[in-house]
Amino acid sequence: MPHRRSILVFASLVLLSTLVLSIHKFGKAKPDLLGQLVPSKLTNVQNVQEVKDTPSQPCNKDLAWLDGLGIQYPLKYTERQIIVRPKPGLERKSLTKINETLFPQSQELIASKDSHLELQKCEPPLLLDVPVFPMTAVNASSMMFGMATTLERLDDSRHHIARWLAHTKARMFVVIIKPEKGTEATDEQIAVKQGVMRDQGMDITLVRPLNRGELYTETYFSLVRVMYTHRTEVSSWFVLMDDDTFFPSMQALLAMLGKYDAKEQYWIGGVSEMWWSVGRYGWMAFGGAGIFLSRGLAAVLDEVYDTCTTEMHKAAGGDERVMRCVYGHTETKLTYEPALHQMDIYGDLSGVYESGRFPLSLHHWKKNGDYPVDLMSLVSDICGDCLFQRWQFGIDTVLSNGYSVVQYPEGEYANGLDFGKAEETWDSVTVEESVNPGTWHSMSPSRPRLELDKQKIQYRFVESARVESGVRQTYVHKGKKDGDPATVLVLYWRREESPT
């Protein structure tokens, strides 16, 4: 018994010493911009990745590209390089902890435009592990996409569509409609635009409506017939979409569809994030999120196409026409994929993009200029399905890749946050006589919003570009009050060089 008691006393002393050292390490940390503070409660966290400690060095930088951002001088500037290392067997996590600060603890104050600057500190690159991803475009020949839009709106979306469609062998058919104001596109204009998009690597065909003068909802529903008529032996999935629908990853779409047998009757989609819209329009695949019809179901809808066209003249939208035809002539029910986003919510959408959840589709990015998804997703060329993936650097800083860098001042708020819950930054829309307050079915679990510039300091994505070594991202905070200099944070992403 005395021997056993001695062991227990020794173990207690070891535990107490460890606790004292931990308090000493974290309790005396002095907060600086994007530095370490106190541990936070996290969910779905990958093991810490150690980064070799290499001293920072002064370096010269050419910053002429900053002039195009429209930011007033003086401004604060700092940057960091990130090297991506694909690691076999690794899965994407909602949040990954990195035992390293993201940016230097001091920043350069640039008083006026100067294309050359010597930074006091250029930190060594950070090394981030990511899941293995294909280096070339995937084969998506089993998929066919269809949309109805004007030639002008199609041109506005051209680069965004190219980001996910080009060189994938997926086919797209676009029915060109007449704009509400202005003249109808000529055959020559349509042919030229088709040629331009094909030169970008897209297998795309622009066609006239089956019936001139028909309503948009009729034209939208006609995509079912247009695509099914042009099917090939390998065509398995027929996708209806809007001109402001964006698919961040074709590989992820194929993985989702791989769960289903296309020979069976499947109607796959996402519902509105707002319960009010679901109650009004029905439990259906909302068109902006993408409507996925299996070959088995598309064959049935093509058979009853004329009947549905006659019956559904009162439908308010094209996606509603699809719903009425499916429910009215088949036993198929909606297969709900929550990662397909209609994006019907309004206001500040930071809570969506900072949630760490990977979207299969996004919609409504055209409604304002805050969501340039083609540029936001550019980093995917370097790190695969890493768009909106989150890394926590040190204790108080979270990168939501392609959207924001957020610092939680003093670590006070990060310490108690559950990062497994989405922050409710969006405008709430209550539904009378419903238990669902508005977004439970789509955005839960969630937590109350934080106060900007007090509980969270947000550096928003503003720009991305390909550079010689990879991809550059720029995040900006415009200052807490008028007269404060803006802060510019820059990340340079590149892949780890393969050993020769």
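**Spaces and packing**

Modeller: Let me begin with the second largest cavity, which has a volume of about 70 Å³; please keep in mind throughout that this is a predicted model.

Biologist: Okay, and which residues line the second largest cavity?

Modeller: The second largest cavity is lined by His341, Val352, Tyr353, Ser355, Arg357, Pro359, Leu362, Phe388 and Met443. Sorted by class, its lining comes out as 6 nonpolar, 2 polar and 1 charged.

Biologist: How many cavities of 30 Å³ or more turn up in a search of the whole structure?

Modeller: That search gives 4 cavities of 30 Å³ or more, and the largest cavity holds about 100 Å³ of space. It is lined by 15 residues, and Glu354, Arg390, Ser400, Tyr408 and Arg447 are the closest to its centre.

Biologist: Which elements give two or more residues to the lining of the largest cavity?

Modeller: Those elements are α10 (350–353), β18 (397–400) and β19 (404–407). As for the classes, the lining of the largest cavity has 4 nonpolar, 5 polar and 6 charged residues.

Biologist: What about the second largest pocket, which residues lie nearest its centre?

Modeller: Nearest the centre of the second largest pocket lie Thr136, Ala137, Arg163, Ser380 and Asp381, out of 25 lining residues, and the volume of this pocket is about 650 Å³. At least two lining residues come from each of α2, α5 (250–257) and α12 (380–383), with the largest share, 4 residues, supplied by α2. By class, the lining of this pocket divides into 11 nonpolar, 9 polar and 5 charged residues.

Biologist: Staying with α2, at what angle do α2 and α3 pack?

Modeller: Helix α2 (residues 151–165) packs with helix α3 (residues 187–199) at an angle of about 5°, and the axes of the two helices are 11 Å apart. The two are therefore roughly parallel to each other, given that angles under 35 degrees count as roughly parallel.

Biologist: Which residues meet there?

Modeller: On the α2 side Leu151, Leu154, Asp155, Arg158 and Ile161 take part, and they meet Gln189, Ile190, Lys193, Val196 and Met197 of α3. That contact of α2 with α3 has 6 nonpolar, 1 polar and 3 charged residues.

Biologist: Switching to rings, how many aromatic pairs does a search of the whole structure find?

Modeller: Over the whole structure the search finds 17 aromatic pairs. One of them involves Phe221 and Tyr305, whose ring centres are 5.3 Å apart and whose planes stand at 5°, so this pair is stacked.

Biologist: Where do Phe221 and Tyr305 lie?

Modeller: Phe221 belongs to helix α4 and Tyr305 to helix α8 (residues 305–311), so the pair ties together parts that are 84 residues apart in sequence.

Note on methods:
Residues are numbered from 1 along each chain as its sequence is written. This is a predicted model: local features need pLDDT of at least 70, side-chain atom pairs count only at pLDDT 80 or more; totals for chains, interfaces and linings use all residues. Side-chain values use heavy atoms; hydrogens and water are left out. Axes are lines fitted to C-alpha atoms, for helices over the stretch in contact, and angles run from 0 to 180 degrees between N-to-C directions. Angles under 35 degrees count as roughly parallel, over 145 as roughly antiparallel, 65 to 115 as roughly perpendicular and the rest as oblique. Contact means heavy atoms within 4.5 Å. Ala, Val, Leu, Ile, Met, Phe, Trp, Tyr, Cys and Pro count as nonpolar, Asp, Glu, Lys and Arg as charged, and the others, Gly among them, as polar. On a 1 Å grid over the protein atoms alone, a cavity is a set of points where a 1.4 Å probe fits but cannot get out, and a pocket is an open set with protein on both sides within 12 Å along at least five of seven lines; lining residues have an atom within 4 Å of a point. Grid points are joined across faces, edges and corners, and a volume is the space filled by probe spheres set on the points. Rings of Phe, Tyr and Trp (its six-membered ring) pair if their centres lie within 6.5 Å; planes under 30 degrees apart count as stacked, over 60 as edge-to-face and the rest as tilted.
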